[in-house]
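Have a look at the model first, then read on.

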Amino acid sequence: MKIKKEKKTLTCVMVQSMIMEYINDRLSIQELEKFLHHIRTCSECKEELGVYYTIVTGMRKLDHDEELSMDFTEELEQELKRSEDKINHYKGHKITRRILFFVLIAACLGIDYAVDIIREEPEKSNFKLEEYFFNGRDSKADQYIKDHYYSIMAERVANIYGKSRENE
């Protein structure tokens, strides 16, 4: 069962309260996207934005001794286009980050699989070289050790523990 994400639409009152935040470039990407969608579909809010934009931008240009534009409407359209480009750029980067994340995960899994293959024990050889050369060719010392292994080990243990008790 799929759960749809509801996009909460903004009311005119909400959008008009966000106009100064938009002009001052203080909206998050999500807020900006909803704001622009509403502005593009509501002529009243777009007109309100135009009035605020003209006043605020005009005042800023006067404060900085810049030349005033003769067409604030065109300037606002360019600003709206830049804002849309900003959203598209953000979404593009978001998709790119997701793709890179999945590629990284796939690479890690591939490396893990390759390391597991390398770590596997090699198959045992059926080559009987050791048996052929060394079978029945034990030295007398080797044969003595094999025959008396347990008694030799018992002597060593006794010597080790006996010496350690003497040191105490």
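What follows goes from the overall fold down to a few residues.

## The big picture

Keep in mind that this is a predicted model. The chain has seven helices and zero strands, so in sequence order the pattern reads α-α-α-α-α-α-α, with helices and strands taken as DSSP runs.

How much of the chain counts as buried? Of its 168 residues, 17% do. The accessible surface comes to about 14900 Å², and carbon and sulfur atoms own 57% of that. As for contacts with a separation of 6 or more, 60% of them link residues 24 or more positions apart.

## Leu10 meets His38

Leu10 sits in the segment before helix 1 (12-23), while His38 belongs to helix 2 (residues 29-41). The two are 28 residues apart in sequence, yet their C-alpha atoms are 6.9 Å apart in space. What links them at the polar level? The backbone oxygen of Leu10 is 3.2 Å from a polar atom of the His38 side chain. That pair makes a polar contact because the cut-off for N or O atoms is 3.5 Å.

Both residues are tucked away from solvent by the numbers: Leu10 has a relative accessible area of 15% and is buried, and His38 is buried too, at 11%. Setting aside neighbours up to four places away in sequence, Leu10 touches Val15, Met18, Lys34, Phe35 and His38.

## Cysteines without a bond

How many disulfides does the chain have? The count is zero. Start with Cys45: its closest cysteine sulfur is in Cys12, 3.6 Å away, so the two are too far apart for a bond. For Cys42, the closest cysteine sulfur is in Cys45, at 3.7 Å, which is again too far for a bond. The reasoning rests on the cut-off, because a disulfide needs the sulfur atoms within 2.5 Å.

Are Cys42 and Cys45 buried or exposed? Cys45 is buried, at 0% relative accessibility. Cys42 is buried as well, with a relative accessible area of 14%.

## A greasy patch outside

Now for the surface. Val51, Ile55, Met59, Leu62 and Leu68 form a nonpolar patch there, and together they have about 460 Å² of accessible area. One of these, Ile55, is found in helix 3 (residues 43-63). Is Ile55 buried or exposed? Its relative accessible area is 51%, so Ile55 counts as exposed; the threshold for that is over 50%.

## Two aspartates with positive phi

Two loop residues are worth a glance if you care about backbone torsions. Asp25 has a phi near 55°, a positive value in a residue other than glycine. Asp25 sits in the loop between helix 1 and helix 2 and is exposed, at 53% relative accessibility.

Asp65 has a phi near 50°, again positive and again in a residue other than glycine. Where is Asp65? It lies in the loop between helix 3 and helix 4 (72-119). With 73% relative accessibility, Asp65 counts as exposed.

How values were computed:
Residues are numbered from 1 along each chain as its sequence is written. This is a predicted model: local features need pLDDT of at least 70, side-chain atom pairs count only at pLDDT 80 or more; totals for chains, interfaces and linings use all residues. Side-chain values use heavy atoms; hydrogens and water are left out. Patches are made of residues with over 30% relative accessible area and no salt bridge: like charges are joined within 9 Å, nonpolar side chains (Val, Leu, Ile, Met, Phe, Trp, Tyr) within 5 Å. Accessible areas come from the Shrake-Rupley method with a 1.4 Å probe; for residues, only the protein chains shown count as cover. A salt bridge is a side-chain nitrogen of Lys or Arg within 4 Å of a carboxyl oxygen of Asp or Glu. Helices (H or I, at least four residues) and strands (E, at least two) are DSSP runs, numbered from the N terminus. Buried means under 20% relative accessible area, exposed over 50%, partly exposed in between (1.4 Å probe, protein chains only). A polar contact is a pair of N or O atoms within 3.5 Å; within protein, one must be able to donate a hydrogen and the other to accept it, and residues adjacent in sequence count only if both atoms are side-chain atoms. Contact means heavy atoms within 4.5 Å.
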